[in-house]
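Try each task before reading its solution.

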Amino acid sequence: MADQLEASVTLPSDPVSVAAARRYVAQVLGEWGLPEDAETADTVRLIVSELATNSVQHTFGQSPTFTVDLRLEREEWLRVGVTDSHPRWPRRLPAAVQQDNGRGMVIIRWLAAEAGGRLSVSPTADGGKTVWIALPWPAGAPARTARGC
């Protein structure tokens, strides 16, 4: 296997793109050897849903697209990034008990930590940002190079 597998998709900043991002990630993870019913696959799909939703909802139309990047490094770490061109970085917001939104980053941080991973944010050349999640690749999940990503 190569030291790193990569896949990427750029989608319009539209609510229907959240489901498309989730489907794309599920397909790539399956091609890389992670069973669809694996706990890590569920975690990654949920994280991508939350990050894509944040990108669509919180860029206020200033980012026409968002990009989902997947990197599997040496069959040890899966890195998932969602990039948009909006300059504001995610912030922890106090979530009132009755509030319907505002908990996405809390959920993402908790899921990453629960899976033994971590969250980071990095700037992009165009003034936007990428929110990265790094998760350990499950032991025994063979990484396959089924796609020329």
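**Exercise 1.** Count the helices and strands, then give their order along the sequence.

*Solution.* This is a predicted model. Start with the count: the protein has three helices and five strands. Next, read along the sequence. The pattern is β-α-α-β-β-α-β-β.

**Exercise 2.** What percentage of the residues count as buried, and how much accessible surface does the protein have?

*Solution.* Take burial first. The cut-off is under 20% relative accessible area. Of the 149 residues, 42% count as buried. Now the surface. It comes to about 8000 Å² for the protein. Carbon and sulfur atoms hold 51% of that area.

**Exercise 3.** Take contacts between residues at least 6 apart in sequence. What share joins residues at least 24 apart?

*Solution.* Within that set of contacts in the protein, the share is 68%.

**Exercise 4.** Describe how H2 and H3 are arranged, and list the residues that meet.

*Solution.* Step one: locate the helices. H2 covers residues 39-58 and H3 covers residues 104-114.

Step two: get the geometry. Their axes come within 10 Å and cross at roughly 155°. Angles over 145 degrees count as roughly antiparallel. H2 and H3 are therefore roughly antiparallel to each other. Their crossing is left-handed.

Step three: list the contacts. H2 brings Thr 43, Leu 46, Ile 47, Glu 50, Leu 51 and Asn 54. H3 meets them with Gly 104, Met 105, Ile 107, Ile 108, Leu 111 and Ala 112.

Step four: sort by class. The contact of H2 with H3 has eight nonpolar residues, three polar and one charged.

Note on methods
Residues numbered from 1 in each chain as written. Predicted model: local features only at pLDDT ≥ 70, side-chain atom pairs only at ≥ 80, totals over all residues. Heavy atoms only, no water. Helix = DSSP H or I, 4+ residues; strand = E, 2+ residues; numbered from the N terminus. Buried < 20%, exposed > 50% of the residue type's maximum accessible area, 1.4 Å probe, protein only. Contact = heavy atoms within 4.5 Å. Areas by Shrake-Rupley, 256 points an atom, 1.4 Å probe, with all protein chains shown as cover. Axes fitted to C-alpha atoms, helices over the stretch in contact; angles between N-to-C directions. Parallel < 35°, antiparallel > 145°, perpendicular 65-115°, else oblique. Left-handed = near helix turned anticlockwise from the far one by under 90°. Nonpolar A, V, L, I, M, F, W, Y, C, P; charged D, E, K, R; others polar.
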